[in-house]
Every structure is written in structure tokens, then in C-alpha cells.
Amino acid sequence: MGVSGEARNNGDIKVVHSSLIVDHSLETPEVTPRLVVNRTQSMLPLVKQIDTIATFADFSITVTTCLIGFDFDRELFKDLFKHWSDLDESHFVAETLSGGITNRLLKVSVKEEKGNTVHVTVRIYGPNTEYVINRDRELLAIPHLSAAGFGPKLLGTFENGMVQSFIHARTLNASDMRKPKLAAEIAKQLKSFHQVDIPGSKEPQLWNDIFKFFKKASNLTFDDCKKQNMYKKISFKEVETEIIKLKELTGHLDAPVVFAHNDLLSGNLMLNDDEEKLYFIDFEYGSYSYRGFDIGNHFNEYAGLNCDYTLYPSKAEQYHFFKHYLNPEKPNEVSDKDLEALYVETTCYMLVSHLYWALWALIQVPKPTSH
């Protein structure tokens with residue numbers, strides 16, 4: 001696929017870049033999604049047909065089907081993909097998948113001149129995510145993770161998003177993650193993920209991020225009086241004390257520092273059922289961090305978006321995961337000592353995960369994400 005536009009160097013891998021901006025306000029089917037091509041130009045129509053429901057196995061999603069307007073093609077896609085620059089709008093069809101917590105996702109299907117169809121994913125960053133996501137860190141990591149077999153291939157970036165290859169798979173739900181076969185595969189892939197070498201500093205970022213979140217979360221104001229009164233009831237002195245205690249506690253564990261996903265919930269796991277192939281996606285929170293945090297955070301996600309922590313994995317389920325993580329080829333040869341050590345490490349960092357996302361959630365309240 002030929003590409004044009006400005007090339008950005010992410011480590012030793014160049015990625016094509018467009019300076020255009022896509023409006024994130026692709027709301028529900030009652031509101032027509034639009035595109036902003038720069039900071040001053042008026043918004044342009046994007047959607048012409050909406051409201052299609054698609055169901056994949058037990059994962060149900062709402063899909064907005066739209067014919068991409070000519071200006072969208074000529075601006076963003078011409079800027080990024082030279083091979084498609086002469087195609088008119090009839091060659092482009094997009095589906096907007098609802099349910100993203102931070103980002104908006106478009107599956108764009110492009111019918112090329114020779115008749116074949118290429119599918120790509122357009123990911124539009126959520127508003128105000130710069131408070132909690134280091135985009136430079138993410139863009140540095142993605143090409144290296146992709147080269148190691150994780151996630152879609154990065155095809156290009158624009159000012160508030162990216163274009164990636166399309167993965168033919170379904171998103172998991174929380175109950176899928178505890179199925180023994182899938183849990184074992186997630187553990188095996190997570191071990192490989194943790195072994196990927198990402199250029200740059202290898203210093204763990206977990207506590208830097210938490211203290212940054214704390215500083216922001218403890219200095220908020222709300223126009224809504226009810227929210228402001230609820231916010232005032234939070235004792236940030238106590239929160240800070242707990243952060244310091246947990247930092248000291250986990251410091252005694254000597255947990256390995258790895259490149260961690262840091263957000264391995266069911267929505268960031270995809271499965272091609274026919275090929276039985278599992279994919280990790282969305283590395284925007286990825287950083288060098290502690291092994292126990294990544295695993296403990298993943299276990300917290302068994303609770304699902306309803307936060308039902310009675311669903312947290314049992315000790316037996318955790319040991320099953322640990323065995324396949326510590327020795328993917330011979331899981332039954334992992335010693336009891338190693339299992340217990342990882343259990344303690346994970347349990348301590350699981351507590352840190354709760355603080356991390358609690359502070360994250362507070363930051364999102366005054367300027368909410370799309371979910």
C-alpha cells in the first residue's frame with residue numbers, strides 16, 4: 001500500500017502522519033457524525049446512512065453504517081494513502097462501533113480500482129485523554145509490539161488518532177476471560193508481551209502516573225452542585241496515605257519490571273473463533289511497569305464494567321493462570337513456591353490497580369469520555 005504525507009520516526013520505525021483532525025463527536029444515531037479537517041474549518045457531513053444492528057456470537061454491538069463523504073476521502077485518506085487518492089466517495093464505506101470507553105472506532109472498507117476491498121480501522125482519540133494517556137509513548141510502542149505479533153499494524157497517524165489494519169475477530173466479554181483454555185492462552189501471550197523490548201527508558205512509570213493522576217484528581221471543581229458536594233466528601237489525605245503505604249509495600253516485593261499492557265480488560269482482547277487466535281489490542285496505557293500490576297489489574301477486570309468483584313478469580317483460577325504464565329510449555333512443572341510468590345505479588349498490586357482507576361475515573365468526570 002503506497003502512502004504519502006509527513007513521516008514520523010517512532011524509534012527506528014517511520015510512520016506516515018497527517019496533520020488533519022477528525023471530530024470525535026460521533027454521537028448516537030440521532031446525531032449526525034461530522035469531520036473537522038483543521039482547527040478553524042467548519043465541520044463537514046460524514047454519515048448518510050445509520051442505525052444497523054450487528055450481533056457476533058454472544059457479543060452484541062451497535063453499528064453505525066455510513067458512506068464517507070468526499071471531503072473525508074480527499075482530506076484524511078488522500079493525505080495518508082497515495083494509492084487511494086484518486087478514489088471517489090463511493091469507494092469508501094465506514095461502520096462506527098459503539099461502546100468504546102476512551103476512543104471512537106471506525107471500520108473503513110475501501111474498494112480499490114482493481115475490485116478488491118481493503119479494511120482498515122480508524123481510531124479517534126477521546127477528548128481530554130491527554131490527562132491520562134501519553135500518546136508519544138503509545139506511538140513509540142505500537143510498531144514494536146506489532147512486529148512482535150501483538151495487535152494490528154500501524155498504517156498511519158493523524159493529529160487525534162491513527163489508522164491501523166483491521167482484525168477479523170470478536171471482542172471478548174468478561175466471562176470469557178475465566179474460561180480455562182482462554183485464561184491459559186491469555187497468560188501465555190501476556191508472558192510473551194512482557195518480553196517485548198521497547199526502545200527508550202525502562203524505568204517503571206506506574207507510580208509516576210498514579211501521583212500525576214492524584215495531583216489532577218485532588219484539584220477538581222464541578223459546576224454541578226451535587227457532584228461538587230460528593231467530591232468534597234473524598235478525603236484525599238487518606239487517599240495519599242494509602243498510595244504511599246502501597247508504594248512502600250510493593251517496593252518490598254522486588255517485582256520484575258516489564259513492558260506492561262496496563263489495561264487488559266475483556267474489551268482489549270479479541271478472538272477469531274474459527275482460527276482460535278487471540279489478539280491483544282489498544283496499547284494506549286502501555287508502559288514499563290511491574291509484572292504484578294499487569295496481572296492483578298487483569299484479574300480485577302473479571303468483575304466486568306458492572307464491577308462485580310464476587311467474580312474476581314479464585315485462588316485456584318489464579319494458580320491456573322500463573323502456571324501458564326510462568327512456564328507456558330510445561331505449566332504443571334511450576335513449583336508451589338513460585339506460585340505462592342506470584343500470588344502475593346499479584347494480590348498486592350491488585351490493590352494498586354483499584355487506586356489507579358479510581359483516580360482515573362475522577363479525572364474523567366468533569367470532562368467525561370465517550371462512555
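This is a predicted model: local features need pLDDT of at least 70, side-chain atom pairs count only at pLDDT 80 or more; totals for chains, interfaces and linings use all residues.
Local features are given only at pLDDT of at least 70 and side-chain atom pairs only at pLDDT 80 or more, while totals for chains, interfaces and linings use all residues. Residues are numbered from 1 along each chain as its sequence is written, and side-chain values use heavy atoms, without hydrogens and water.

**Helices H7 and H8**

Helices here are DSSP runs (H or I, at least four residues), numbered from the N terminus. H7 and H8 pack with their axes 12 Å apart, at an angle of about 140°. Axes are lines fitted to C-alpha atoms over the stretch in contact, and angles run from 0 to 180 degrees between N-to-C directions. The two helices are therefore oblique to each other (under 35 degrees is roughly parallel, over 145 roughly antiparallel, 65 to 115 roughly perpendicular, and the rest oblique).

| Helix | Residues | Residues meeting the other helix (heavy atoms within 4.5 Å) |
|---|---|---|
| H7 | 291-300 | Arg291, Ile295, His298, Phe299 |
| H8 | 315-326 | Gln318, Phe321, Phe322, Tyr325, Leu326 |

**Arg135**

Arg135 lies in helix H2, which spans residues 135-147. Beyond its neighbours within four places in sequence, Arg135 contacts Thr102, Asn103, Arg123, Tyr125, Gly126, Thr129 and Glu284. Of these, Tyr125 is ten residues away in sequence, with a C-alpha to C-alpha separation of 9.6 Å.
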